[in-house]
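Biologist: Could you go through this model with me? I would like to start with the charged side chains and then move on to other things.

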Amino acid sequence: MKKVKDYIVKHPYMSQLLACIISSVVVAVLYSTYNIIHRLLTYMKFSWELIGEFFFGILVFAFMFAVMIYPIVVTIYEILRLITIVKKDVKELDNQSTDILSNVFSMLYDLFIVFVGIILEIIVLSFFHDVAFEAQWFEQLTNDQLHTPLNTDYIITFLVVLFMYAVSILALTFVSNKKRPPLVTVSCIALMYMGVIEVILFTIQVLGMNYLGENGVHHYRFTPLLLATCILPFNMILILLRVMLIETKTYEPDENRMSKIDKIPFLSWCNRILKNSKNWPIAAAILMVPILGIIIIILALFGQAPDAAIKVFTETANYTFSKKIPPQNVFYDEHYLCTVAAGGHKKIVKPVRMGKRHGHDVVVNRQLMIANAFEQVLEERTPVIHRKIRNFYDKYGFPIAKLIRTKLAADIVYFIMKPLEWIFLIVLYFVDVNPEDRISRQYL
């Protein structure tokens, strides 16, 4: 046990990686074992294919779990780092601050943590909650897709504040507080405050995600997985607390230099506040307002609205702070290739009208109507063949259709289906007296 502890202390970053790999493999083995046992008990039949599926499942699930577990491991490590700083005395922290290489690694790791948190949020929102980051609030989406949680017209302000959080970490790492004016330190802490507040607001924004369904009903999309978006702000808060502890503990005011401004009342008052490092957290909170004002003025010169920091959240749809009402989502059945293709770009797939499918509004184009009319004829005249074709499609077509998530992919499917559309149309004209009437009646 002592050897493990010593290894973790000596190689913290490698220990995190190993902990992530080991835990993800263990969870993947347990999950794959459960799946195999469940299938054996359900079908009461053993096949060698199950063995292959078992090991393949371990590889796939291990990767998936590693992606989700690593941010948790990182968060635990950040908590331990903060506890260590709390326990260390001033002398230990002073010795630590003189180790330039260690400080650089620490700074890079802090930035890496922020990067990992951002990537995790993109994965959770894009792949598990159908957030279309490129879609503004006024664009019409399909099924349960959601618009971007940040208005891209005002996102520069959001990105600048996040960037200044990273710059503050760099400034506090590369310049010793013995050579750094207290006002610079307080300003950096204020910028870090702003970055944390901004990310917390973003988290609150996405936790209230919803989409406007039929009849104007809001469908909320909260899932337990969405709580993973809290990891980024939590880690940013831990970094901020650790930085403030280090700065306030290790700062020593130079009394000889401070006495030079005692004759100026206002500067003397500011000096008395800033030379006590315990006042820095409160001073930074007060300083946030003028700093934010300066950032807004500078960005206004580059075309950003003065209230961009607010509008980036409110000029959206589907989220907690959203004020806009988006167009109603259009439904298409993701199981059917032609239905998916109808959701492509209008200039390509050429939608002709709205229709009804399984009680939902769907976009209807000629290709979709021809395909459905052909299936209708097949079901009426050759039910046995229709059943076999349907079973084949259900087995192989559904998985392919589920992979089509973008308009470009839908356009490609539309072109791939074109030869079949022509074959379907030829068959309809051969077997139906009024083929166009049948086609036009589809999805009414």
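Biologist: Is Asp110 buried or exposed?

Modeller: This is a predicted model, and in it Asp110 counts as buried because its relative accessibility is 3%, where the cut-off for buried is under 20%.

Biologist: Which residue does Asp110 form a salt bridge with?

Modeller: Asp110 pairs with Arg81, and the closest N and O atoms of the two are 3.1 Å apart.

Biologist: What else does Arg81 touch?

Modeller: Leaving out residues up to four places away in sequence, Arg81 touches Ser106, Tyr109, Asp110 and Arg242.

Biologist: How many salt bridges are there in the whole structure?

Modeller: A search of the whole structure finds ten salt bridges. One of them joins the side chains of Arg438 and Glu380, at 3.3 Å from N to O. Arg438 belongs to helix 19 (residues 435-440) and Glu380 to helix 15 (residues 366-381), so this pair ties together parts of the chain that are 58 residues apart in sequence. Arg438 is buried, with a relative accessible area of 9%.

Biologist: What about Glu421, which partner does it meet in a salt bridge?

Modeller: Glu421 meets Lys418, with 3.0 Å from N to O. Both belong to helix 18 (residues 418-431), and because they are three residues apart there, about one helical turn separates them.

Biologist: Which residues do salt bridges with shared partners join into a network?

Modeller: That network consists of Glu78, Arg81, Asp110 and Arg242, joined by salt bridges that share partners.

Biologist: Switching to aromatics, how many aromatic pairs does the search find?

Modeller: The search of the whole structure finds seven aromatic pairs. In one of them, the rings of Trp137 and Phe138 have centres 5.7 Å apart and planes at 85 degrees, so the pair is edge-to-face. Trp137 is partly exposed, with a relative accessible area of 23%, and Phe138 is also partly exposed, at 47%.

Biologist: And what kind of pair do Phe158 and Phe202 form?

Modeller: Phe158 and Phe202 form a tilted pair, 6.2 Å from centre to centre and with 55 degrees between the planes. Phe158 lies in helix 6 (residues 155-174) and Phe202 in helix 7 (residues 182-207), so the pair ties together parts that are 44 residues apart in sequence. Phe158 counts as buried at 8% relative accessibility, and Phe202 counts as buried at 10%.

Biologist: Which cluster do ring pairs link those two into?

Modeller: Ring pairs link Phe158, Phe202, Phe313 and Phe321 into a cluster.

Biologist: Now Ala308, where does that lie?

Modeller: Ala308 lies in helix 12 (residues 308-314), and at 0% relative accessibility it counts as buried. Not counting residues up to four places away in sequence, Ala308 touches Tyr154 and Thr157. Ala308 and Ile156 are 152 residues apart in sequence, while their C-alpha atoms are 8.5 Å apart in space.

Biologist: Last topic, the surface: which residues make the nonpolar patch?

Modeller: The patch covers about 750 Å² and is made by Met14, Leu17, Leu18, Ile21, Ile22, Val25, Val26, Val29 and Leu30. Among them, Ile22 has its place in helix 2 (residues 12-43), and Ile22 counts as exposed because its relative accessibility is 55%, where the cut-off for exposed is over 50%.

Definitions and conventions. Residues numbered from 1 in each chain as written. Predicted model: local features only at pLDDT ≥ 70, side-chain atom pairs only at ≥ 80, totals over all residues. Heavy atoms only, no water. Salt bridge = Lys/Arg side-chain N within 4 Å of Asp/Glu carboxyl O. Buried < 20%, exposed > 50% of the residue type's maximum accessible area, 1.4 Å probe, protein only. Helix = DSSP H or I, 4+ residues; strand = E, 2+ residues; numbered from the N terminus. Phe/Tyr/Trp six-rings, centres within 6.5 Å; stacked < 30°, edge-to-face > 60°. Patch = residues over 30% accessible without salt bridge, like charges linked within 9 Å, V, L, I, M, F, W, Y side chains within 5 Å. Areas by Shrake-Rupley, 256 points an atom, 1.4 Å probe, with all protein chains shown as cover. Contact = heavy atoms within 4.5 Å.
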